[in-house]
Amino acid sequence: MNLKTEMFMLFANCIPVKGYTRSIICDLQNSQYFFIPNDLYSLLEKFNRKRILDVYSYYGDENRVIIDEYFSFLIEKKLVLYFNSDDEDLFPELELIWDSPSIITNAIIDFDIESNHNFEDIFEQLQELGAHFLMLRSYTRISAEEITKILRFTQNSKFRNIEFFAQYDSQIEIDSVSDILSNNRRVSRIIFSNSPNNRILTHSLTQQIIFTTIPIINENCCGKINHSSFHSNLQLFTESQNFNSCLNRKISINKFGKIMNCPSMAFDFGNIKTKKLKHVLEDNSFKNIWYAKKDDIQTCKICEFRYICTDCRAFLPNEELFSSKPVKCNYDPISTKWQ
């Protein structure tokens, strides 16, 4: 390494995010994140794409050991590269822009034994809006035949990914569930909640049958934020810059047929039996929540995980203060502890 001529830069897909007490570097290509001290964050902000010599000169001989350790860490984790100034144009920075041609990208449909949804019509409306991710959640036990009956309306659909939640039933046979996945390649996961044990059965490279002891018995069971909520990828990171990481471009139908931003929220925009989804989207008040980004939310805005974490606006400590931290997040970015 020639300190006089060489420069260094973070790879374009490796982006530092400052938190209150510590920071992280998000590797958006390899779906990883790395903890770093805020001092290293400051160094990267000031000297990224600058001469290495300038770093050592600025911090002085008394800090040379720690600077050596910082560079060793960055090299070991494959977060930086060295280059000469003549080559800088070969490494453009990543533009953190998010957009989608779809009016709606994802949808949740909740139902129970009394819902009586017209799934065929609902699926057609969602496809008109461009939705490509679909989550179906049954709060009552459902047979393999009933699951098959619902999914038949997706056979020739434009949905790219479908997840199906159902209540555990000891009578349902694994072979029957496997047949459902074999016949419905768009379905990535069938999840049975309230199971007596946890297990995952891999059906194919992209399909799983999951049994979880977590009781998902109604719409109030979601919204929990933990390590599994973190996804260091380009899609979520760029979307989180200007939009809500859970509700942006989402539409939901609860078990009563009410059209909502999320089935866990208190307000609705009409009933699917009498109102078209596209007409709901003409109401700007439905879309306002899409812009509730983490940088505007209390506590979240100082959290190092804010751009790789999903958000929840349904469960808040103060319903009148919509910028409150989610109730079901137990992380404190000041102490860096999970309560």
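**Entry 1: the sheet**

I looked up the sheet and found 3 strands in an open arrangement, ordered S5-S1-S6, with antiparallel pairing. Strands here are DSSP runs of E with at least two residues, helices are runs of H or I with at least four, and both are numbered from the N terminus. Two strands pair if DSSP finds at least two bridges between them. S5 and S6 are the edge strands, each pairing on one side only.

This is a predicted model: local features need pLDDT of at least 70, side-chain atom pairs count only at pLDDT 80 or more, and totals for chains, interfaces and linings use all residues. Residues are numbered from 1 along each chain as its sequence is written, and side-chain values use heavy atoms, leaving out hydrogens and water.

**Entry 2: strand S1**

I followed S1 (residues 7–10) next. With S6 (residues 80–83) S1 makes 4 antiparallel bridges. Met 9 has Leu 81 as its bridge partner there. With S5 (residues 50–51) S1 makes 2 antiparallel bridges. Phe 8 stands opposite Lys 50, and Met 7 opposite Arg 51.

Which way do the side chains of S1 point? Met 7 and Met 9 point one way, Phe 8 and Leu 10 the other, and all are buried. Buried means under 20% relative accessible area, exposed over 50%, and partly exposed in between (1.4 Å probe, protein chains only).

**Entry 3: helices H2 and H3**

I checked how H2 (residues 52–59) packs with H3 (residues 64–76): the angle is about 145° and the axes are 9 Å apart. Axes are lines fitted to C-alpha atoms, for helices over the stretch in contact, and angles run from 0 to 180 degrees between N-to-C directions.

Ile 52, Val 55, Tyr 56 and Tyr 59 of H2 meet Arg 64, Ile 67, Asp 68 and Phe 71 of H3. Contact means heavy atoms within 4.5 Å. I sorted the residues of this contact: 6 are nonpolar, none polar and 2 charged. Nonpolar covers Ala, Val, Leu, Ile, Met, Phe, Trp, Tyr, Cys and Pro; charged covers Asp, Glu, Lys and Arg; the others, Gly among them, are polar.

**Entry 4: the cores**

Which residues of the largest nonpolar core touch the most other members? Among its 44 residues, they are Phe 123, Leu 126, Leu 134, Leu 136 and Phe 164. A nonpolar core is a set of buried Ala, Val, Leu, Ile, Met, Phe, Trp, Tyr and Cys residues joined through side-chain atoms within 4.5 Å. Another core, of 21 residues, lies apart from it and includes Ile 52, Tyr 59, Leu 74 and Leu 79.
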